Amino acid sequence: MADPFILSLDESSALYLVGGKTAGLAKVLSAGLPVPKGLCVTTAVYQQSLDRAGVDAPAIWTKLPDLSVEQRAQELARIQQLLLDQPWPTGFPDDLETQLTGLGGDSSTRWAVRSSATNEDAGDMSAAGLYRTTLGVPMTAVLQSIRACWVSLWDERVVQYLCHSGADRPCPAMAVVIQPMLSAQAAGVAYSIHPITGRTSQVSINAVPGLASSLVNGEVTPDEYVVEVYDDDHRPFRVRRRMLAEKRKKLTATIEGVREESIPEPEQRQSCLVDEQLFELARMSKRIEVALHQPVDLEWVWEVGRLWIVQARPITAIRPWPSLTNDECEWTRANFKETLPELPSPLGLSFLERFMEAYIVTPYRRLGCMVPEGLSSVRVLHGRPYLNVTLFYTLIMQLHGNPAFLTEQMGGEPVMFTPSVRPLGALALVRAGVGMMREWRKAAKQGPKNFSAMKAMAERYHYDRIQNLSVQELAATLDGIGQWLDDHEVTFAIAGGVAQSLQAMGTVLPGWLGSDWRELLNGALQGQGTVISATQIVRLAELVVAVPQEETVRQWFVSEEWTARGYRDALQGTEFLRRFDRYLAEYGHRAVGESDIMSPRIADQPDAVLALLRAQVRAGVTALPQEMLSRQAQRRKQALSEIARRFGWRRHRWLVFRWWYRRLNRFCALREENRHHLMYYSTAARHLLLRLGERMVERGSLAVREDVFYLTLDERIALIDGASRDWQGLVRRRREERLQHEAMEVPDTIRDWEAVVEEGAQSSNQGQGGVLRGIAISAGVAQGPVRLVRSTADWARVRMGDILVVPVIDPGMAPLFGVAAGLIAEMGGTLSHGAIIAREYGLPVLVNVPYATNLLRENEQVEIASSTGLISRLVS
């Protein structure tokens, strides 16, 4: 039986007869998706015309690549003319008009006439844009437009495209699909995967007002969107990117044909699509991807209230990538802001990246967790490091943890993008549990030995004791202590113990104790004397008490011409100076921003601590050490008593609580002791680096010794090895870049890295008014005047009873905790080092209060309450 000349779209399944474009639409239609009604003029009509003209298409097609350009042009023109000259099959024009009329068309209907070659929209080649499409065709010109599609197959660019494909291709045939024109409000293209990265969770959409022919022809700049969908069920959940173009003209379909119209100026920057339409397009793209069993490139039209698909082709030359990529992850400065300066040194950033990979991410891999290739835990924007919070979400999920605790423990904003994660299987989870227990035992057993060794390093490599070391000896020593850290680092195990204990408490206590469980737990964690960083506050209080006992010391502190410079000469021979030296011996290796090795230690610059002591002495208000300890112990006793009362006769609850409570206390203490002694390690490395910097100044490689902090770890090795490079020029550029970064604002949370980079990292964190609320990480209520503390330069203004308002809780701020009545931080989490110290000391603290340093005024009276998390502004 002869092949039919005309088929409806729902009958158009045979590729050889209807071509790739029509076959694709038929598949979409059969899946119950919206395709405009239409019909296909099959390849049988085209083939009959070739036969009548005596054209052996396969033979000619085989010879075309071997002809010269002139010969090929002549042959192509000859075939084109033959196709134009052939008569239509008997009865075909009338039959076509009848069937088009049956689609609802009349003399005023305009048609879209599109090519559908048998090599078009194939899985291995798209032939996109090669063949003819004519829009706005009246009934009287439909036959002419069909021939125009045929002729477009015999074109030089088609031959070149097929030759470029690098394979022998059979001679294509041409079918034509015809559909009524749509009244397009907007039209465009959608990719069911990202067109560059291949990311399967991202649908890319381009849109223009009116018809999309100018878009697909590359004549206009469209609005560009990226919609993120869940990998498992393809539900869209946010518009990740929205780049709007200036659109001055649009094409519209009228009864006279396609017409270009001007867009009013106020509408030229408006989005073509609203979020609801973008989500519908994303859902549609993924449904068609499922129907066609591969990623697809769609052409779509949005009519009034309805979405239509007018083309669906397989995506070629892009490999689908189901794994996470850095650009789609969410990033936060929380945690890093607490222990690093605003702009860490290049060496500090380099070490941070290595530390996170070697000591945090790698242990997760050892537990059996999968980290996608190319995904990093740290990223840097304008000199500021960001933590990959999405990565840690996936790691927690793989270990069957509760990601709801992630924000509370790490600080920052909640995760918006939650990728689908495959948890570890039962056997793998058991192995991970055994591995984690092994890590915990190692930390508990080796921790004290490690701590002693790090403290000994600081003494052994004190700056005064390494003056005679050569460059090679300094380098070998740095390498040696680096290897020691690789073999003895226990941060992962200790942090895991704290996180596990808090998660266990957070899972059962809300049901056992009620909504104020967190305040009770925070109260129970106060004043145990086991957190080494919190003990610093008691030592400072003892120093304040000691000042009045020696008149010479008191007079020096209250003098109007006071300066910290020369304090040793002024206080020589006093008991206070001996006590202060003991304090420096115990805590002088700590600092604000202490995780950056470039940050000066308290012992290097004790001015801020002395200024803080002076402020308390001049104010005449002192927190007595014994009163502080007694108050904390009383709060702990009251909290534990209340917890026991609420448990009542359910003794098993008390036993469970006590077990986890002791475990949490033990790991909190270990965590702070680990950080405290890591700073001894850091101080030893700092001294070695400063001496190395001096040696490099002697060589002429560096200008000043501190230049060594402006090199990365690898560059430091190259410098020592004598690599020929303009090191001073490199450092000079880095210093200039640092000054530029200081003038830049960056957001604390980045949910679209590409967009932030393109926007110049202008902060979107503009303070908004209204109720101030935070997360309580330490129990209590406090009232007092606001004291804005952004750096150590502000320490001298702090008075007893102040409510400190800070960007983050830097553990180096611990000296202030003995003076303040309470603390408010813009960022922070329950697992931060500062949080542990504040909780141990019993200081009421609220964190995650966005823009607090902008919204609260100096000396403004406020009250903070941990039970509600509210900050109340008081009328003075």
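Predicted model: local features only at pLDDT ≥ 70, side-chain atom pairs only at ≥ 80, totals over all residues.
Residues are numbered from 1 along each chain as its sequence is written, and side-chain values use heavy atoms, with hydrogens and water left out. Local features need pLDDT of at least 70 and side-chain atom pairs count only at pLDDT 80 or more, whereas totals for chains, interfaces and linings use all residues.

Helix H24 covers residues 651-699, helices (H or I, at least four residues) and strands (E, at least two) being DSSP runs numbered from the N terminus. The 49 residues of H24 should span 72 Å at 1.5 Å a residue, which agrees with the 71 Å between its end C-alpha atoms; the expected span is 1.5 Å times one less than the number of residues. Because 36 of these 49 residues are buried, H24 is largely enclosed by the rest of the structure; buried means under 20% relative accessible area, exposed over 50%, and partly exposed in between (1.4 Å probe, protein chains only). H24 is followed by Gly 700, whose phi is positive, near 90°.

An open sheet of four strands, with antiparallel pairing, has the order S15-S16-S14-S17, where two strands pair if DSSP finds at least two bridges between them. The edge strands, S15 (378-381) and S17 (749-750), each pair on one side only. S15 and S16 (residues 384-388) are joined in the antiparallel sense over four bridges, and the bridge partner of Arg 379 in S16 is Tyr 386.

A salt bridge is a side-chain nitrogen of Lys or Arg within 4 Å of a carboxyl oxygen of Asp or Glu, and by this rule the count comes to 50. Arg 240 forms one with Asp 752, their closest N and O atoms being 3.9 Å apart, and this pair links distant parts of the chain, 512 residues apart. At 8% relative accessibility Arg 240 counts as buried, and Asp 752 is buried with a relative accessible area of 9%. Both residues belong to a network of salt bridges that also links Glu 228, Arg 238 and Arg 241.
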